[in-house]
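Reader: I have a protein chain to look at for class. Can we go through it together?

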Amino acid sequence: GPGFGDTGSREGRIAGGRMTIDGIKKAVCTWLNSNGFGPAMVTPTSAPAPEGKYIAVRDLGVEQFGRHIKARPGNVENENNASFMQVADIVMTEVEGEGDTLREIRNRMQLPAFRTWAEGQGFTIWDIGSIMNNDTADGEFWIRQKSFTFQAQFVDEVASSAVRALAAGVEINDEPVEVEININ
């Protein structure tokens with residue numbers, strides 16, 4: 001549908017194209033705002049909250065999934081990257097709403113169009129949790145809040161590959177022997 005194209009910025013990426021947690025949150029906010037679900041903002045922030053209903057996007061942290069993926073040795077040191085799979089827990093909160101907007105967002109996040117858009121931004125969606133009631137009392141009044149958590153998977157890369165050995169030398173009975181290595 002309209003608005004599901006590449007509407008997120010790539011400003012959240014750092015050198016080498018690696019995605020950041022802040023980049024994921026900013027991309028999600030850009031998608032929300034460009035698809036009429038806003039105003040949406042990355043929180044926490046020192047800026048005042050918008051008036052009325054809005055969507056807050058924050059993270060609970062990031063975890064490395066499994067061990068790093070070692071790069072194959074190349075002919076030049078660090079020509080291949082070692083990869084580290086990361087999974088961030090992102091919380092989306094509808095403030096001063098009944099959760100209707102949040103349900104629509106959650107529904108759309110499960111469709112192929114959103115998942116294709118997210119991949120174009122540098123992350124994929126794993127689990128999407130249930131919508132929870134987070135209403136809180138603030139003195140004499142209540143702040144209505146509904147939220148759900150989703151997991152965003154992305155990959156970090158570090159240049160750390162080894163140089164492939166092309167030949168090796170051994171000694172047999174004090175005699176040096178050159179050995180050619182088959183690299184096919």
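Author: What follows is a short talk about the chain shown above.

Author: This is a predicted model, where local features need pLDDT of at least 70 and side-chain atom pairs count only at pLDDT 80 or more, while totals for chains, interfaces and linings use all residues. Residues are numbered from 1 along each chain as its sequence is written, and side-chain values use heavy atoms, with hydrogens and water left out.

Reader: OK. How many helices and strands does the chain have?

Author: There are three helices and twelve strands. Helices (H or I, at least four residues) and strands (E, at least two) are DSSP runs, numbered from the N terminus.

Reader: And what percentage of the residues count as buried?

Author: Of the 184 residues, 32% do. Buried means under 20% relative accessible area, exposed over 50%, and partly exposed in between (1.4 Å probe, protein chains only).

Reader: Let's pick one residue. Where is V57, and is it buried or exposed?

Author: V57 sits in strand 4, residues 54-64. V57 is buried, at a relative accessible area of 0%.

Reader: Which residues is V57 in contact with, leaving aside neighbours within four places in sequence?

Author: Among them are K25, V28, L32, M41 and I90. Contact means heavy atoms within 4.5 Å. From V57 to K25 the C-alpha distance is 6.2 Å, although 32 residues separate them in sequence.

Reader: K25 again. Which residue does K25 form a salt bridge with?

Author: With D59; the closest N and O atoms are 2.8 Å apart. K25 is in helix 1 (residues 21-34) and D59 in strand 4, so the pair links distant parts of the chain, 34 residues apart. A salt bridge here is a side-chain nitrogen of Lys or Arg within 4 Å of a carboxyl oxygen of Asp or Glu.

Reader: Why would side chains pair up like that?

Author: Side chains of opposite charge can pair when their charged atoms come close.

Reader: How many salt bridges does the structure hold?

Author: Seven. One of them joins D100 to R103, with the closest N and O atoms 3.0 Å apart. Those two are three residues apart in helix 2, which means that about one helical turn separates D100 and R103.

Reader: Which residues are linked in a network?

Author: E96, E98 and R144 are linked in a network of salt bridges.
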